[in-house]
Amino acid sequence: MKLFARLFLVCGALSALLPLTVNSADNLESVKSTSSLMADREQDVPDFDSIKDAEQRKRAFVAYLLPSYQQVTSDILSQRKQLGKLQQQLQDGILLSDGQLTWLQGVANQYRQELTDNHSDDIDRLLVRVDILPPELVFSQAATESGWGTSRLARKSNNYFGHFCQSASCGITPYRSNVVRAKKFSSPEMAVRAYMQNLNSHPAYSKVRELRADMRANEQPMDAVVLAKGLRRYSTQGDGYVKRIQGMIRSNKQYWRSSGMNPAIHRR
């Protein structure tokens with residue numbers, strides 16, 4: 001009974017959530033530090049499988065992952081804001097300081113990008129990668145990959161996005177065989193962080209980033225259905241997986257709306 005009470009309280013609080021705002025932290029290390037503190041907190045994983053009403057289960061699932069989505073998105077927007085400041089500084093003819101260059105190199109490493117001698121171009125290319133993803137896309141993939149939080153990987157490993165690893169030393173749990181292993185995350189936030197990092201940096205998802213950058217350039221809202229077109233390589237199902245995610249986005253609109261999340265898209 002306590003579990004259900006907690007879930008209903010969380011769900012009821014969703015409508016009161018404020019729109020996402022940009023974190024004021026400009027230093028990457030401070031952002032990482034804050035995130036690590038949150039990720040290390042012990043969290044009770046709801047028993048979604050015991051919630052027999054499908055609507056209640058879906059709302060509870062979105063409510064549970066929403067704080068993680070908010071934190072990760074806030075961190076990314078903070079990085080993006082700092083990149084914009086550095087870009088403006090360069091446009092004003094002011095060279096970057098050693099500390100700023102070190103920060104820029106760290107972000108480039110994080111997003112798998114090589115820096116050149118032209119830092120203005122470097123920042124332009126980084127801004128294609130250092131960006132958020134709309135909640136309906138994130139939650140649709142999480143729901144699909146975890147069965148709305150009921151899968152063994154979600155329950156035992158905080159693995160909501162089907163992340164796998166072939167190394168025996170990467171903090172993982174065996175899955176199906178001794179060769180293919182599923183990653184184990186310390187918290188749902190770390191799972192969301194890994195998912196965002198994956199789509200923002202892996203070559204397989206360059207189409208997602210390209211589509212998102214076009215929406216930014218045209219000052220359009222992020223269209224999750226369109227962005228899903230870039231997920232062909234997320235699954236061996238290819239186009240079938242894309243259609244599945246698009247179907248999830250369309251058929252569960254009421255749950256995405258109830259999250260209170262509709263990040264404003266500004267051209268930064």
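I looked up Tyr255 and found it buried, at 6% relative accessibility (buried means under 20% relative accessible area, exposed over 50%, partly exposed in between, with a 1.4 Å probe and protein chains only). The model is predicted, so I noted its rules: local features need pLDDT of at least 70, side-chain atom pairs count only at pLDDT 80 or more, and totals for chains, interfaces and linings use all residues. Residues are numbered from 1 along each chain as its sequence is written, and side-chain values use heavy atoms, with hydrogens and water left out.

Next I went through the ring pairs. I took rings of Phe, Tyr and Trp (its six-membered ring) as paired if their centres lie within 6.5 Å; planes under 30 degrees apart are stacked, over 60 edge-to-face, the rest tilted. I got 12 aromatic pairs by this rule. Tyr69 is in helix α3 (residues 54-91) and Phe139 in helix α6 (residues 135-146), 70 residues apart; helices are DSSP runs (H or I, at least four residues), numbered from the N terminus. Both Tyr69 and Phe139 are buried.

I then returned to Tyr255, which pairs edge-to-face with Trp148, at 6.3 Å centre to centre and 70° between the planes. Trp148 sits in the loop between α6 and α7 (152-157) and Tyr255 in helix α12 (residues 253-258), so the pair ties together parts 107 residues apart in sequence. Trp148 is buried too, with a relative accessible area of 11%. Which residues do ring pairs link into a cluster? I listed Phe48, Phe61, Tyr64, Tyr69, Phe139, Trp148, Tyr160, Tyr255 and Trp256.

Definitions and conventions: Helix = DSSP H or I, 4+ residues; strand = E, 2+ residues; numbered from the N terminus.
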